[in-house]
Structures are given as structure tokens and as C-alpha cells.
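Here are my notes on this model. Please read them with the structure open.

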Amino acid sequence: MCGIIGYVGFRPATPILIDGLHRLEYRGYDSAGVATLDKGDLHFRKKAGRVSHLQSLLVDSPIPGTIGISHTRWATHGPANDTNAHPHIAGEGNKQIALVHNGVIENYSTLKRQLESEGVVFKSQTDTEVIAQLIAYHLNDNLIETVRKVLSLVKGTYGLAVVSSQHPDQIVAARLGSPLVVGIGQDENYLASDPSALMGYTQRVVYLQDHQIALLKKSDWHVYDEQQIRLTPKIQEIVDKRTSTELGNFPHYMLKEIYEQPEAIENAMRGRLNDSDASAHFGGLNLDTQQIRSADRIILTACGTSYHAGLVGEYLFEEFARMPVEVEYASEFRYRNPPIDRQTIIIAITQSGETADTLAALRESKRKGHPTLAICNVVGSSIAREADGGVYLHAGQEIGVASTKAFTSQVTVLTMLALYFGRMRHLSSIQGAKMIDELRSVPDLIRETLTCHDEVKRISEKYHAFRNLLYMGRQYLYPVALEGALKLKEISYIHAEGYPAAEMKHGPIALVDPETPSVFLVPDGPVFDKVMSNLEEVKARKGPVIAITSAGNPRVIQYVKERADDVIIIPETPEYLQPIISVIPLQLFAYHIALLRGCDVDKPRNLAKSVTVE
Ligand code: G6P
């Protein structure tokens with residue numbers, strides 16, 4: 001959420017900054033800005049809208065300098081306009097400073113009032129400007145000292161970068177709760193809120209930890225801790241993933257990522273299915289067999305799509321490991337104080353590894369002494385580093401804001417974990433071996449499922465103008481109903497709700513009419529007849545119905561076709577794997593409806609890929 005790029009070196013700064021901002025645009029895209037220093041003068045340009053708008057402004061009105069900072073914003077305080085865009089400029093003459101910030105300053109109004117009483121005039125409605133004004137107010141010969149002093153006054157979270165006309169050769173950066181990396185080059189150094197923005201410039205990075213401050217110069221960089229002690233941080237090599245961030249022949253990242261799911265799942269399973277033990281195997285759990293065996297409860301915590309993966313996980317762990325599971329929204333869990341049994345493992349599920357609420361929930365769990373695991377996609381992310389152990393998805397970078405391949409990879413990892421925990425308990429080797437075979441068939445089943453694309457596109461044309469949709473599923477497919485509705489909401493702005501199908505008659509059925517279509521997940525299986533009864537109840541009230549059912553039993557297909565207005569057929573799959581397969585047509589459905597409504601599929605309004613504020 002919000003992106004930061006900084007550069008200090010020998011090349012013109014703005015092309016590098018703009019290139020980095022384009023790569024970070026998925027984190028926030030309502031306004032953008034840059035500030036550079038040249039011969040002791042501070043220059044800046046800010047613009048509401050996409051990075052391309054800022055880029056055009058810079059073509060018409062370029063700014064010089066080989067040192068600069070930049071930002072792409074996701075608004076928290078104050079609307080998206082030129083003034084509220086970062087960098088925020090404060091101070092005067094040769095004591096001007098520019099600041100970019102990710103995070104939220106909670107005590108900004110108190111600090112703002114204090115500064116205003118001293119005559120400081122604020123230009124924006126942001127919380128961020130208070131840090132800029134405080135730095136300008138306290139600025140002395142030592143920029144890093146000034147920043148440290150100001151940060152001791154603020155309450156909240158930040159990843160920030162500052163330049164000052166009084167210190168024309170340096171960038172000062174600081175982190176508390178919002179990620180930042182220093183990129184190390186030859187006679188040039190970089191700063192980024194996500195290392196992927198540095199691909200092609202450098203592969204050598206230092207991840208800043210909370211409370212650390214970095215000083216970047218052209219040929220030099222240093223990191224300090226809270227006590228002002230200079231550290232010798234570990235330099236890490238990042239893998240150049242540029243090919244995975246190219247669109248290729250796909251018009252949108254979301255569609256590309258939907259199509260990447262077979263490979264993503266192969267990657268999630270690679271080296272983790274163990275035939276001789278009829279179990280799964282994970283390299284990074286960092287929990288010994290005793291700890292896993294003695295755990296008698298699991299709490300899964302996450303946000304958004306990852307939370308829906310967690311809900312599938314609940315069914316998986318209960319069925320295969322016979323363990324009680326709770327699934328908690330991280331934003332609630334972090335502030336609740338539930339009594340938790342000692343032998344409870346907390347698992348945070350997160351694509352980005354940076355979601356503020358999930359990170360806070362993980363920290364709170366660690367503080368209480370529980371073993372913590374992360375199911376995470378981004379290597380080296382905050383949650384991946386802070387959890388006791390975990391499992392990477394290896395899904396490749398996910399850029400589309402609406403999560404697709406991360407969801408199916410998370411469910412795959414949860415299935416393998418349930419197998420692993422199950423094999424330590426009640427699951428026989430025969431059952432384990434069967435699960436392994438079935439899991440191995442999933443990538444091909446997804447390939448087969450993707451052949452429904454044309455049919456889903458055709459159906460989308462029929463339904464794109466409706467304003468409300470309901471999604472119904474039961475058991476393993478209830479979380480998929482939630483996820484299907486979320487996908488549609490996120491990118492098409494159509495109101496959609498997911499429900500356990502039988503719950504419909506306790507309220508949502510009041511919404512059913514010819515203008516409110518329902519999507520029913522009715523593959524063949526133990527609850528088929530029951531879900532079909534719910535479907536009939538909707539039809540009886542003239543609600544249009546799209547049904548997703550499975551191939552395999554022609555009589556089932558015929559039965560569904562006679563009742564639903566439109567039918568999408570997916571391959572036959574064991575019940576516990578149906579979430580991975582049945583979500584595919586729902587992803588495609590949301591994608592096509594959004595396109596038909598003229599929405600920006602990869603950058604939906606008001607959303608961001610990685611939510612690093614509370
Ligand atoms: C944001 C994204 C969602 C994502 C959620 C949780 O809201 O737009 O797609 O599911 O954050 O993100 P995480 O990275 O923790 O999975």
C-alpha cells in the first residue's frame with residue numbers, strides 16, 4: 001500500500017524513479033510524485049492519478065538531479081489530489097525538506113495542532129505532512145539526527161524517506177511497520193518499499209528492520225539501530241523475476257495469473273509430496289515432530305482472499321487432521337483477547353507477507369508464546385521473516401490486485417499441511433497415498449477447467465448489467481462462494497454476497513427477484529441434493545441462476561441444466577479439492593464482467609494489492 005522509490009548516484013534520478021513507481025503502482029495508484037535535489041535546490045512534481053500522469057508532467061516540466069525520492073499513493077487521510085500527493089515539502093530556502101511516507105501517523109492531529117500554534121502552515125490534509133513539518137521545524141546540521149528525534153514524537157507506522165536541500169548528497173530512510181529495502185549499487189544506491197521495484201538495477205538488498213534508520217549516499221550507505229549504533233546488516237541477493245512480471249500475450253495481469261494457476265500449484269507442491277511416508281514434507285516449518293504432534297488446536301488468521309483460503313483450511317484440517325480449527329480475521333484477532341489453549345499453533349496466511357493486520361496478529365500471537373507459522377508468497381517479507389517457520393507458495397509475483405493464483409496456491413499448501421498433520425494422527429498411509437495422487441492431478445484438472453473460458457465469457461455478457469448477485473455454496477464450497485462474491489465486488493463494483501446455500505432462507509432469499517441472479521456451486525457430491533433444493537427455491541422466486549456443476553455423471557448435468565438458466569461444467573474432483581477447481585470459473589466470470597463494465601481490472605478503484613496500514 002503506497003510505494004516508495006529513492007535513488008542517489010550519478011545518473012539522472014527521475015527516469016529511475018518513474019520506472020520504479022510503475023513497478024510499484026499495484027500498491028497504490030491514486031496519485032504520485034517525485035522530489036530531486038540539484039546543486040542544493042529542491043525540485044518536485046506531484047500529480048493526482050496514475051504514474052503515467054506524473055510522467056507526462058515531467059516530460060513537459062522536467063526536474064534535474066541525481067538524487068531523489070518518489071511515491072505512489074493509496075489515500076488514507078485526505079482525498080487523492082495534487083496537494084495530498086507525496087512528497088510533502090516543508091521548510092524554506094536552503095532548509096527545505098521533502099518526505100515520502102507509507103503508513104499512518106495516529107497522533108498527527110495533536111502534533112499538527114502544536115505546530116499550528118507555533119505558526120506552521122499546513123498545505124495538505126494528510127497525516128504525513130506532520131512528519132515533514134516536524135523535520136523542517138527541528139532541522140539541524142545532522143539530517144539523520146533530526147529524523148530520529150522527530151520519529152520519537154510520532155505514534156503510528158511508517159516506511160519513509162527524506163531529502164533536504166541542506167544535505168544535498170543524502171537520503172535518510174526509516175522503517176516501523178512498513179517495509180523498506182536499501183538497494184546497493186556501484187556508486188549509486190537505491191531505496192524501495194518492495195525489492196521487486198529494483199529489478200534490473202541491483203539484486204543486492206538490505207531489508208530494514210523496525211526502528212532502523214538508513215543513510216544513503218552515492219558511494220556509501222549505513223544502517224543504524226534505535227540506539228544510534230551502526231549495524232553491519234546482512235546483504236541479501238534477490239532473484240530477478242522480471243520475466244514473471246511481464247504481461248506477455250495477456251491483456252491483463254489478472255488473466256495471466258488465472259492462467260498461471262496450473263504451474264503455480266505445481267510449484268507449491270514441488271518437493272513437498274513424500275511417497276514413501278505417504279505424507280507431505282516441508283523444509284521451513286521449524287517445529288519439531290513433537291510440537292506438531294502435541295498441538296491440539298490451530299488458529300488460521302488472515303485478511304481478504306487469504307481469509308477465504310483459511311476458511312477452506314478449516315474444513316481440511318478438521319477432515320484430515322481431526323483437529324479443531326478457528327479462522328479469524330486478523331484485524332479482529334489482533335485486538336481480541338480470546339482464551340487460547342497452550343497447545344495452539346497460529347498460522348498466518350498472506351500473499352504479500354506485509355498486510356498490517358496479519359503482521360500485528362502474528363506478533364501478538366508470538367508475544368503470547370504460541371508457535372507461529374506463515375503461509376506466504378513473498379520471500380523475505382515481514383511476516384515470512386517474523387514467523388517461527390512457514391511455507392512459501394512459490395506462486396511467482398502476483399500483480400493483479402484481485403488475488404487469484406495466490407488463493408489456489410494457499411489452498412494447495414493448506415491441503416498438504418492437513419495431510420502432514422493428519423498423517424501424524426488418524427490418517428492411514430493408504431489415505432495419505434490417495435491424497436497425494438489426487439493432489440498431483442490438480443494442475444491438469446485446472447488446465448481442463450480453463451477450457452470453460454469461452455462459455456464463462458458468453459455467460460458474462462448476459463449478466464454484466466445486473467447490480468446485485470448472490471453466490472451460494474455449502475461445506476468446502478461455502479468459502480468459494482465468499483471468494484467468488486469478493487472477486488466480483490473488487491473488480492466490477494457490483495454488489496455481491498456469498499452465503500452458505502442453506503442459510504439463504506434466513507434472509508438473503510428476500511433479495512431474490514428477476515433482477516438478482518444467483519451463482520450456485522453444485523458439483524456432484526454429498527450435498528448435491530441439498531444445494532439443488534436451495535437452487536429450486538431461488539428459481540421458484542424467478543431468480544436467474546448460474547450453476548457450476550461437475551462433469552462425470554451425465555444425469556447430474558442433465559438435472560442441473562433443466563433447472564438453471566446457465567451451466568458451467570468443471571471436471572469431477574474429490575470434494576476437498578473442489579475449492580481449487582470451482583473458483584476458476586468464478587475468477588473468469590468476475591474478470592469478464594469487469595471488462596464489459598469498462599473497469600480497470602488490474603487496478604480497481606480504492607483498492608491496493610498490499611494493505612500495510614491498519
Ligand atoms: C488486499 C488485497 C487482497 C488480499 C488482502 C490480503 O485487500 O487487495 O487481494 O487478499 O489484501 O492480502 P495478503 O497479502 O495478506 O494476502
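Which residues does Ser193 touch, not counting residues up to four places away in sequence?

1. This is a predicted model. Ser193 touches Cys2, Gly3, Ile4, Leu24, Arg27, Asn102, Pro179 and Leu180, with residues up to four places away in sequence not counted.

2. Next, the location. Ser193 is placed in a loop. That loop runs between strand 10 (189-192) and strand 11 (204-207).

3. Ser193 has a relative accessible area of 3%. The cut-off for buried is under 20%, so Ser193 counts as buried.

4. One of the residues touched by Ser193 is Ile4. Here the side chain of Ser193 reaches the backbone nitrogen of Ile4, at 2.9 Å.

5. Now the ligand. The ligand sits in the largest pocket. There are 14 residues around the ligand. Those that come nearest are Ser306, Thr350, Gln351, Ser352 and Thr355.

6. Which element gives the most to the shell around the ligand? Helix 9 (residues 304-321) does, with three residues.

7. Check the polar atoms at the ligand. Thr350 places a polar side-chain atom 2.7 Å from an oxygen atom of the ligand. Gln351 uses its backbone instead: an N or O atom there lies 2.7 Å from a ligand oxygen atom. For Val401, a backbone N or O atom lies 3.2 Å from an oxygen atom of the ligand.

8. How much of the ligand's accessible area does the protein cover? On its own, the ligand has 390 Å² of accessible area, and the protein covers 90% of that.

Note on methods
Residues are numbered from 1 along each chain as its sequence is written. This is a predicted model: local features need pLDDT of at least 70, side-chain atom pairs count only at pLDDT 80 or more; totals for chains, interfaces and linings use all residues. Side-chain values use heavy atoms; hydrogens and water are left out. Helices (H or I, at least four residues) and strands (E, at least two) are DSSP runs, numbered from the N terminus. Buried means under 20% relative accessible area, exposed over 50%, partly exposed in between (1.4 Å probe, protein chains only). A polar contact is a pair of N or O atoms within 3.5 Å; within protein, one must be able to donate a hydrogen and the other to accept it, and residues adjacent in sequence count only if both atoms are side-chain atoms. Contact means heavy atoms within 4.5 Å. A residue is near a molecule or strand if one of its heavy atoms lies within 4 Å of it. Accessible areas come from the Shrake-Rupley method with a 1.4 Å probe; for residues, only the protein chains shown count as cover. On a 1 Å grid over the protein atoms alone, a cavity is a set of points where a 1.4 Å probe fits but cannot get out, and a pocket is an open set with protein on both sides within 12 Å along at least five of seven lines; lining residues have an atom within 4 Å of a point. A molecule sits in a cavity or pocket if more than half of its atoms lie within 2 Å of its grid points.
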